[in-house]
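Look through the sequence and the model below.

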Amino acid sequence: GLYIRGTGNGELTADNALFGAKIQRALSDRAYFFTQVQYLRDSFKAIDYFVAPTFGFGYKVVDTEKAKLSTDVALGPSWEKNPDLDVRTKMAVVFGQKASYALSKTATLTQGFAGAVVADDWADGLYPFQVGVAASLTNRTQIKFEVVDTFKNKPPTADIKKNDVSTLVSVIYKF
């Protein structure tokens, strides 16, 4: 999950929330089946909520101690609510890619890309991209510096920007 709220010069400059949950079952050492749900709220993109519970298949292209690269694709319904508009229910195609590379025993580069497109309108999509570096503080905690770019190629109105970029510094606790 991620919640971003920021101000600059006394004005709200960021207000969004992301949440994702995923359960996966291994089919082999590299292949897996999964179900997931994704939630997004972004006031600057005029998204009251976007919810997509999906089912899919993934593959670990590289899976070593030092480097990891996986990709997946899923299909399921989605609901998007925008201010002053009715809820849009569509079939969504969701895809993603994640990579990490251990720089040392305590530092890791991370990168991820995802997309959620409307099945009958491939030009209507939401695409988050992130890149970051994480360093261990203890066995269970990390500090992470990350840049997140969220792009929506068909915003609900013409006066809404298509993409937003956020810079995050976070402390992560691993359960």
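What follows is a short briefing on the core and the rings.

This is a predicted model, in which local features need pLDDT of at least 70, side-chain atom pairs count only at pLDDT 80 or more, and totals for chains, interfaces and linings use all residues. Residues are numbered from 1 along each chain as its sequence is written, and side-chain values use heavy atoms, with hydrogens and water left out.

- Leaving aside residues up to four places away in sequence, Leu-126 touches Leu-40, Ala-114, Gly-115, Ala-116, Thr-150, Phe-151 and Lys-152, where contact means heavy atoms within 4.5 Å.

**Aromatic rings**
- The whole structure holds 6 aromatic pairs, that is, rings of Phe, Tyr and Trp (its six-membered ring) with centres within 6.5 Å.
- Phe-113 and Tyr-127 are stacked (planes under 30 degrees apart), because their ring centres are 6.2 Å apart and their planes lie at 10°.
- Phe-113 is in strand β7 (residues 107-118) and Tyr-127 in strand β8 (residues 121-136), so this pair ties together parts 14 residues apart in sequence.
- Tyr-127 is buried at 18% relative accessible area, while Phe-113 is partly exposed at 31%; buried means under 20%, exposed over 50%, and partly exposed in between, with a 1.4 Å probe and protein chains only.
- One aromatic cluster is formed by Phe-95, Phe-113, Tyr-127 and Phe-151.

Terms used. Phe/Tyr/Trp six-rings, centres within 6.5 Å; stacked < 30°, edge-to-face > 60°. Helix = DSSP H or I, 4+ residues; strand = E, 2+ residues; numbered from the N terminus.
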